[in-house]
Amino acid sequence: MKQEKVIDTFKRTGALLEGHFILSSGLHSSVYLQCAIALQSPDVAAEFGAAIADNFREKGIQAVASPAIGGLIIGYEVARQLGLRFIWTEREHGTMTLRRGFTVNDGERVLVIEDVITTGGSTRDTVSALEKHGAKVISAASIIDRSGGAADVGVPRFSLATLDVPAVEPSACKACARGEVAVKPGSRQTVGSKQ
């Protein structure tokens, strides 16, 4: 799938927002990618999921995992496309962990899927949680990499589209300096944590 088609889908579905936003990481940006809006269409989720899965069909992946909540829909769809089981991690007292009875086997080859990577924090935390339980995380993937390729998640990674969208500390935010109100459209309310 070409990057232009991914971005066009975000625009067409109203999932690419412009304004003054607070990201889950606590950073501020003029662009917000609301994947939930794009992924509310099963056809879009299936198309993105198949495009990601195609890059991993011959990699010996045994399970797919995602950080909750953003990665759940696309992670499930990638797992479905690969015919594998799907599990997720979630934060408990601020620490990413396996819950709900999910387990991994020692050496189990896992692919971590996220919707959007900005700093890579949620993906890194998911990789760490899985490895702590014995998994071997082979790679990570996302629909969008908004770090311009800079985010380090500790394993090789792949994205359908890469954007270089500035995200800055609130103290360096020009929109804040102009007195513009910032909006937080994301799911996680832990401002200051790294995603």
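Reader: Hi! Which residue follows α4, and what is its phi like?
Author: Hi there! This is a predicted model, and in it G83 comes after α4, with a positive phi near 70 degrees.

Reader: Thanks! And which residues of α4 are buried?
Author: Helix α4 covers residues 72–82, and the buried ones are I74, G75, E77, V78, A79 and L82.

Reader: What covers them?
Author: The cover over the buried residues of α4 includes the helices α2 and α3, along with the strands β3, β4, β6 and β7.

Reader: Let's switch to E90. Where is E90?
Author: You'll find E90 in strand β4.

Reader: Is E90 buried or exposed, and why?
Author: E90 counts as buried because its relative accessible area is 10%, and the cut-off for buried is under 20%.

Reader: What does the side chain of E90 join up with in a polar contact?
Author: With the side chain of R100, at 2.6 Å. Leaving aside neighbours within four places in sequence, E90 is also in contact with residues including A68, T95 and M96.

Reader: New topic: what is the order of the strands in the sheet?
Author: The sheet is open, has six strands and runs β5-β4-β3-β6-β7-β8, with mixed pairing. Its edge strands are β5 and β8, each pairing on one side only.

Reader: How do β3 and β6 run, and how many bridges join them?
Author: They run parallel, joined by three bridges. In that region, A63 stands opposite V110 of β6.

Reader: Which strands does helix α5 touch?
Author: Helix α5 packs on the sheet and touches β3, β4, β5, β6 and β7. Its direction makes about 160 degrees with that of β6.

Terms used:
Residues are numbered from 1 along each chain as its sequence is written. This is a predicted model: local features need pLDDT of at least 70, side-chain atom pairs count only at pLDDT 80 or more; totals for chains, interfaces and linings use all residues. Side-chain values use heavy atoms; hydrogens and water are left out. Buried means under 20% relative accessible area, exposed over 50%, partly exposed in between (1.4 Å probe, protein chains only). Helices (H or I, at least four residues) and strands (E, at least two) are DSSP runs, numbered from the N terminus. Contact means heavy atoms within 4.5 Å. A polar contact is a pair of N or O atoms within 3.5 Å; within protein, one must be able to donate a hydrogen and the other to accept it, and residues adjacent in sequence count only if both atoms are side-chain atoms. Two strands pair if DSSP finds at least two bridges between them. Axes are lines fitted to C-alpha atoms, for helices over the stretch in contact, and angles run from 0 to 180 degrees between N-to-C directions.
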